[in-house]
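Below is a short note for a colleague who has not seen this structure before. Please read the points with the structure open.

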Amino acid sequence: MSYRPTGKNVLIERIPASKQTESGIILKSTQEPDRAKIIAIGPEVDEVSIDEIAVVNWNRASKVDGELYILPITEIVLVIED
């Protein structure tokens with residue numbers, strides 16, 4: 001199944017926060033926010049690109065299927081660049 005966001009909407013895939021350190025210690029809780037990979041963008045979106053990683057306002061995200069969510073571009077609060 002494929003999805004095509006409309007207008008200024010973005011389809012994202014949730015990337016859960018790391019619950020384990022690099023050395024293998026499992027953390028009880030973490031302050032690191034869940035991130036999202038941008039899967040598809042609407043035709044009016046020019047602020048982000050597909051495959052970028054972002055931090056989003058999860059309160060405004062609507063679940064589509066599995067770990068896929070749709071939200072307005074205004075709810076992407078940070079794009080992570082390497």
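How many aromatic pairs does the count come to by the ring rule?

1. The count comes to one aromatic pair. The rule takes rings of Phe, Tyr and Trp (its six-membered ring) whose centres lie within 6.5 Å; planes under 30 degrees apart are stacked, over 60 edge-to-face, and the rest tilted. Trp 58 and Tyr 69 have ring centres 5.3 Å apart and planes at 80°, so the pair is edge-to-face. The pair joins distant parts of the chain, eleven residues apart: Trp 58 is in the loop between β3 and β4 (62–65), and Tyr 69 is in strand β5. Strands here are DSSP runs (E, at least two residues), numbered from the N terminus.

2. On the basis of the numbers: this is a predicted model, in which local features need pLDDT of at least 70, side-chain atom pairs count only at pLDDT 80 or more, and totals for chains, interfaces and linings use all residues. Residues are numbered from 1 along each chain as its sequence is written, and side-chain values use heavy atoms, with hydrogens and water left out.

3. Trp 58 and Tyr 69 are both buried (under 20% relative accessible area; exposed is over 50%, partly exposed in between; 1.4 Å probe, protein chains only). Trp 58 also has the charged end of Arg 14 over its ring, 3.9 Å from the centre. That label requires NZ of Lys or CZ of Arg within 6 Å of the ring centre and within 35 degrees of the ring normal.

4. The largest nonpolar core has 14 residues. Such a core is a set of buried Ala, Val, Leu, Ile, Met, Phe, Trp, Tyr and Cys residues joined through side-chain atoms within 4.5 Å. Among those with the most contacts inside this core are Trp 58, Ile 38 and Ile 76. At least two core residues come from each of β1 (9–15), β2 (35–41), β3 (53–56) and β5 (68–72).

5. Is Glu 75 buried or exposed? Glu 75 counts as buried because its relative accessibility is 11%. This residue lies in the loop between β5 and β6 (76–80). Its side chain makes a polar contact of 2.8 Å with that of Asn 57 (a pair of N or O atoms within 3.5 Å; within protein, one must be able to donate a hydrogen and the other to accept it, and residues adjacent in sequence count only if both atoms are side-chain atoms).

6. Pro 33, in the loop between β1 and β2, is partly exposed at 40% relative accessible area. Pro 33 and Val 55 are 22 residues apart in sequence, with C-alpha atoms 7.3 Å apart.

Notes. Helices (H or I, at least four residues) and strands (E, at least two) are DSSP runs, numbered from the N terminus.
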